[in-house]
Amino acid sequence: MRGDAKTTSGKIHITGAEGLYKKNEVLEIINHYALRAMNHPKGPADAISIAIEKLSGRPRAIAALPVKTVPCSGPEEARNQSADILRKIGVSGEAIRAAFRVLRSPKTMRGAALVEADSGRRLEPNRARGVRASRMGIEKTALKTLKRTLRPGKINNETVLEALILASKVASCRGVLAELCVSDDPDYITGYVASKSFGYIRIPNIKRPGSPRGGRAFFIRSGADINKVIKYLEATPVMITEIPDFDVLNPGLKASRLP
Ligand code: WAQ
Ligand code: MG
């Protein structure tokens, strides 16, 4: 299922959401998406569209990324923190700068920029829209476990859950090395760097409150087949069925691969 909220006049995209659900959950989710679009902090939508599609095959099963939060007091420090992590993952300085240009631009995109991890070159066919990851969800039992795991960190909320589901799908794509995300919601100021190698690392105070800017960059391994990457991100159904054993408050103990 997919929900999108827009203004008709300026054709501004306010918010979008997507998920994979069982047939008996669909009505409840329609209700939920509609309410969310009507009460969004970016302003009331003039048009809301909700699309429902039947999946043709079984989704691919993946594990969620482990979650960690690093201390960070402001945008300047956040930029250094995220650049450090991205460099450790293997993203070049050029690519990191290209990603920050996208995330700081006043023109927000509906989807993510695809940035080649070594050259910093933009690879998405439509640079205004970007590529939207879709068809990802989480199984009910895995969701329960995840909520229980996130609760001690007080991050057991829809924003974090949805971002983690998206980031886990994106990181499960072989052509993707890492992701950098800053919300475009004016009052949501925690961003993240996600990767298969280091998990989902939350970075508080990545932007100043009140800013409508934000975005996502997916860093692509050089030599990856870009059409395959886009097809996987947009169209391959992926379901989280497994939650790794991590401690949100003390990630060093269990998620030993986190930096
Ligand atoms: N696929 C690709 N890019 C997307 C998608 C998608 N499905 N959805 C949003 N984007 C891009 C788009 O450019 C948006 O402007 C940008 O990401 C930000 O989207 O653990 O709320 O929905 O506390 O505003 C991070 C949570 C929340 C961190 C991120 O993003 C934490 C968030 P938003
Ligand atoms: Mg948003």
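A: Here's a walk through the salt bridges, pair by pair.

Bear in mind that this is a predicted model, where local features need pLDDT of at least 70 and side-chain atom pairs count only at pLDDT 80 or more, while totals for chains, interfaces and linings use all residues. Residues are numbered from 1 along each chain as its sequence is written, chains are lettered from A and ligands numbered from 1 in the order in which they are written, and side-chain values use heavy atoms, with hydrogens and water left out.

The count comes to 14 salt bridges, each being a side-chain nitrogen of Lys or Arg within 4 Å of a carboxyl oxygen of Asp or Glu. Let's start with Arg2, which pairs with Asp4 at 4.0 Å, N to O. Arg2 also meets Glu53, at 3.6 Å. Since Arg2 belongs to strand β1 (residues 2-6) and Glu53 to the loop between β3 (47-51) and β4 (60-63), that pair ties together parts 51 residues apart in sequence. Strands here are DSSP runs (E, at least two residues), numbered from the N terminus.

How covered are they? Asp4 is buried at 7% relative accessibility, whereas Arg2 is partly exposed at 30%, and so is Glu53 at 44%. Buried means under 20% relative accessible area, exposed over 50%, and partly exposed in between (1.4 Å probe, protein chains only). Arg2, Asp4 and Glu53 belong to a salt-bridge network that also takes in Arg110 and Arg135.

Then there's Glu18 with Arg132, at 3.2 Å, N to O. Glu18 sits in strand β2 (residues 13-18) and Arg132 in the loop between β6 (113-116) and β7 (136-138), so this pair ties together parts 114 residues apart in sequence. Glu18 is buried at 13%, and Arg132 is buried at 14%.

Note on methods: Helix = DSSP H or I, 4+ residues; strand = E, 2+ residues; numbered from the N terminus.
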